[in-house]
Amino acid sequence: MCGIVGYLGSKNAYPIILEGLKRLEYRGYDSAGICLYNGNKLISNKSKGKISKLEKRISKLKTFHGNIGIGHTRWATHGEPNDKNSHPHSSNSNDIHIVHNGIIENYSAVKEELINKGFHFHSETDTEVLVNLIEYIQIKENVKLGEAVQLALNQVIGAYSIAAIDIKKPDEIVVARLGSPLCIGVGKDEYFIGSDATPFLDYTKKAIYLKDGEMAIIRNHKPTQYRKIADDSFTNPTVEKLEIDLAKIQKKGFDHFMLKEIFEQPSAVIDTLRGRLRLKKGIIKMSGIDDFIDKFLSTNKITIVACGTSWHAGLIAEYMFEKIAKISVEVEYASEFRYRNPVIDKSDIVIAISQSGETADTLAAIKLAKKQGAFVYGICNVVGSTISREADAGSYTHAGPEIGVASTKAFITQITILFLIAVKLGKSRGVLSSKQFREYIYELNSIKKKITKVLSSNDKIKKIAAKIKNATNCLYLGRGYNFPVALEGALKLKEISYIHAEGYPAAEMKHGPIALIDKNMPSIIIATNKLYYDKILSNVQEIKSRKGKIIAVVFEGDKEISKIADYTIEVPETIPALTPFVTTIPLQLLSYHIAVKLGRNVDQPRNLAKSVTVE
Ligand code: G6P
């Protein structure tokens, strides 16, 4: 959802900003641009397309360097992706340039006012409106960039993180955030700016995460000033030590980040369990739960809010929590929850699940829940992310950086945390006996091996992908714990291959989707659950008798369904609550190989962004 990078120091800013933007490309990749102060004037270069295209353009220039600059990689909101709508945007005088991540909601009213005052616009973006509002205020109030930015931001409604430079004050960069992330890397006599810390990991491990409603005037001639946007009060932010491992954000010989991340799942699960699953002691240690155990024991209802893949993890948790801990659970799309006047009060627990910890709808949902008195628990992957900070307590998934836009290892680690919570609460609430508790945690402990076994079917799955890659529609069916897996499988296929797919509870097939089945429509059926085996077998026969092609995910040694299905993918047997761990992975691999065979851009599928920080 747009990435922002900046640099201020004595090095050449161009390669730092360029490489930084490449690391943020997961946030958006439909256009990119960089603006530098070259010691004399502001020079800007931007274009539609990926950062590599911008790099090629700039490589043709004789010079493009400076010690101060800002850069942007875009995921279009206002205005189609084209050169004009690319960032940085400049003011009418060309003095001020800004990059922006977010949405200015009242931009058309502000634009109209500015047009009446003689301003003109070249793009359709809200950002160009903001930069001209800053300029208008600067001239009218006769103030410096920092004050003009502050005054302008107090007039706009919306979400933003911005970085601005001004030729009249070329030794400073003004940054601000509200609703979109922004952090500042602190080096020796130099500063870095990023939507996250990855752009500057090579240079410094010290970072300041701006809080919502804060801004900074970063300068190299005197100390940087941190203050609130809403008033003139100063803030004193903490410098945090970054613990992100640079190697973890590289492809390590895999063709795509997505494939690397799929194969990282066994170790990601171990990282999630580390320190939490204590087999010898027979306990699950999770300070976020332990410290607030009274709340978890007294609540009657847990509401889970999330979007996309994280919402699917929430749906699996609904089955886990209700079966294992006997707690009533509702799972809500955060975007619906936030506008639905939900009946939530201080006796409620709201769990927000988010890989990025920045999804605007999920953030708004937890703000609403907190306002209504609920206790908010965050399950995030990105350490220090906004949702993890806003939540009253929470657990990090520790999946490591996930770069591929389609979420894989984040999902598996989310369900790991959710399973831990379910079992822990089951025990604490007296629902599970010690014996049952031990059975659950021992099975969980063996899941890494089982996931690794599933990954060994990669070549077989690749061959199946070749057989169905030309389908234009696919149906994914599952029951119980595997119904959300069917939804997730369908989502993965849509996201990266652009093939239309639908996930359905298998029993619902007869209420509609069966009408779609013919020889051109593959059905991917998850048939591992013993409880529903016979019922799913009937579904398989129903599809077969209508000439549908069947790809079945079954337990090793399956007899019946394997006989009827066109292709089977065997996964190791486990308990029902843990089947999503072994059944999701073949579906991730299937989507991956189909997308590769279709020549899709697997890591950066069209129209998507990894982190959606606007509504
Ligand atoms: C975007 C991504 C999805 C992701 C969803 C929620 O749509 O493309 O992959 O599942 O946002 O993201 P979150 O970071 O909140 O889990």
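I count a polar contact as a pair of N or O atoms within 3.5 Å; within protein, one must be able to donate a hydrogen and the other to accept it, and residues adjacent in sequence count only if both atoms are side-chain atoms. With that rule I looked between domain 2 and domain 3 and found 8 residue pairs in polar contact, both residues at pLDDT 80 or more.

**Ground rules.** I am working on a predicted model, where local features need pLDDT of at least 70, side-chain atom pairs count only at pLDDT 80 or more, and totals for chains, interfaces and linings use all residues. Residues are numbered from 1 along each chain as its sequence is written, and side-chain values use heavy atoms, with hydrogens and water left out.

**Domains.** I took the bounds from an automatic or database domain assignment. That assignment gives domain 1 (3–244), domain 2 (248–445) and domain 3 (455–600).

**Domain 2 against domain 3.** I find their C-alpha centres 26 Å apart. The contact (heavy atoms within 4.5 Å) takes 29 residues from domain 2 and 26 residues from domain 3. Next I checked buried area, the accessible area (1.4 Å probe) that two parts lose on being put together, summed over both. The two domains bury about 2,300 Å² between them, with 77% of it on carbon and sulfur atoms. On the domain 2 side, H312, Y319 and E443 supply 22% of the area buried against domain 3, more than any other three residues.

I then looked for salt bridges, meaning a side-chain nitrogen of Lys or Arg within 4 Å of a carboxyl oxygen of Asp or Glu. Between domain 2 and domain 3 the count is 0.

Which elements give two or more residues to the side of domain 2 that touches domain 3? I list helix 6 (257–263), helix 7 (265–273), helix 10 (308–325), helix 14 (409–428) and helix 15 (434–445). My helices (H or I, at least four residues) and strands (E, at least two) are DSSP runs, numbered from the N terminus. Helix 10 brings the largest share of this side, 10 residues. By class I get 18 nonpolar, 8 polar and 3 charged residues there. Nonpolar covers Ala, Val, Leu, Ile, Met, Phe, Trp, Tyr, Cys and Pro; charged covers Asp, Glu, Lys and Arg; the others, Gly among them, are polar.

**Salt bridges overall.** My count comes to 28. One I opened joins the side chains of E264 and K409 at 2.7 Å, N to O. E264 sits in the loop between helix 6 and helix 7, K409 in helix 14, and the two are 145 residues apart.

**The sheet.** I call two strands paired if DSSP finds at least two bridges between them. I traced an open sheet of 6 strands in the order 5-6-7-8-12-13, with antiparallel pairing. Strand 5 (89–90) and strand 13 (225–228) stand at the edges with a single partner strand each, so one side of each has no neighbour in the sheet.

Strand 6 (residues 96–104) pairs with strand 7 (residues 158–166) over 9 bridges, antiparallel. There, V99 stands opposite A163 of strand 7. Strand 12 (residues 214–219) and strand 13 run antiparallel, joined by 4 bridges. M215 has R227 of strand 13 as its bridge partner. A hairpin of 5 residues joins strand 12 to strand 13.

I noted a cis peptide bond from H87 to P88, omega near -5°. P88 lies in the loop between strand 4 (68–74) and strand 5. K326 has a positive phi of about 50° although it is not a glycine. I place K326 in the loop between helix 10 and strand 18 (328–333).
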